Amino acid sequence: MIEKYLSYGHENAISYEELCNVSGLTPREVRREIESCPEIVLNLQDGKGFFLFDPHTKCEREFARKYSAQKKARGWSCIRKALRGDSELRKTRSDGFNGK
């Protein structure tokens with residue numbers, strides 16, 4: 001559904017706030033719609049917003065590479081934080097802390 005408010009190309013990007021306004025959805029609903037969209041939706045975190053990926057242009061393919069790199073970096077960051085949390089939990093268990 002959200003794809004009807006999106007256009008192809010970075011030059012046609014739409015902001016998160018504008019997507020909420022035109023779609024009538026809450027920010028959480030917009031996020032879910034983007035995640036489940038059958039089209040590839042990109043956001044380069046450059047303040048311009050979301051747009052549909054057009055694989056037929058070299059520039060758009062470069063945008064997709066940047067977007068992919070962003071997502072991978074964010075994913076690894078989350079994994080590292082989770083592993084640190086696991087490590088801290090193991091420390092507290094070995095110290096005899098039972099969480100009460």
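This report walks through a predicted model of one protein chain.

## Overall layout

The chain holds 3 helices and 2 strands. Read along the sequence, their order is α-α-β-β-α. The chain has 100 residues, and 25% of them count as buried.

Contacts across the sequence can be summed up too. Take the contacts in the chain with a separation of 6 or more: 48% of them join residues 24 or more positions apart. The accessible surface of the chain is about 7,300 Å². Carbon and sulfur atoms account for 53% of that surface.

Helix H1 covers residues 16-23. Its buried residues are Leu19, Cys20 and Ser23. Seen down the axis of H1, these buried residues fall within an arc of 100°, so they line one face of the helix. On the other side of H1 sit Glu17 and Asn21, and both are exposed.

What covers the buried residues of H1? The cover includes helix H2 (27-36) and strand E2 (50-52). Just after H1 comes Gly24, with a positive phi of about 75°.

Tyr16 lies in helix H1. Its relative accessibility is 24%.

Which residues does Tyr16 touch, leaving aside its neighbours within four places in sequence? They are Pro27, Arg28, Val30, Arg31 and Phe50. One of these, Val30, is 14 residues from Tyr16 along the chain. The C-alpha atoms of Tyr16 and Val30 are separated by 8.1 Å.

## The aromatic pair

How many aromatic pairs does a search of the whole structure find? The search finds 1. The pair is made by Tyr16 and Phe50, whose ring centres are 6.0 Å apart. Their planes stand at 45°, so the pair is tilted. Tyr16 belongs to helix H1 and Phe50 to strand E2, so the pair ties together parts that are 34 residues apart in sequence.

The accessibility of each partner is known. Phe50 is buried, with a relative accessible area of 12%. Tyr16, at 24%, counts as partly exposed.

## The segment before H1

Glu11 has its place in the segment before H1. Is Glu11 buried or exposed? Glu11 counts as exposed, because its relative accessibility is 63%.

Glu11 and Phe51 are 40 residues apart along the chain. In the model, their C-alpha atoms are separated by 8.4 Å.

Trp76, Ile79 and Leu83 make a nonpolar surface patch. The patch has an area of about 330 Å². Ile79 is found in helix H3, which covers residues 58-94. Ile79 counts as partly exposed, because its relative accessibility is 40%.

## The picture so far

Helix H1 has one face lined by buried residues.

Conventions. Residues numbered from 1 in each chain as written. Predicted model: local features only at pLDDT ≥ 70, side-chain atom pairs only at ≥ 80, totals over all residues. Heavy atoms only, no water. Helix = DSSP H or I, 4+ residues; strand = E, 2+ residues; numbered from the N terminus. Buried < 20%, exposed > 50% of the residue type's maximum accessible area, 1.4 Å probe, protein only. Contact = heavy atoms within 4.5 Å. Areas by Shrake-Rupley, 256 points an atom, 1.4 Å probe, with all protein chains shown as cover. Patch = residues over 30% accessible without salt bridge, like charges linked within 9 Å, V, L, I, M, F, W, Y side chains within 5 Å. Salt bridge = Lys/Arg side-chain N within 4 Å of Asp/Glu carboxyl O. Arc of directions from axis to C-beta. Phe/Tyr/Trp six-rings, centres within 6.5 Å; stacked < 30°, edge-to-face > 60°.
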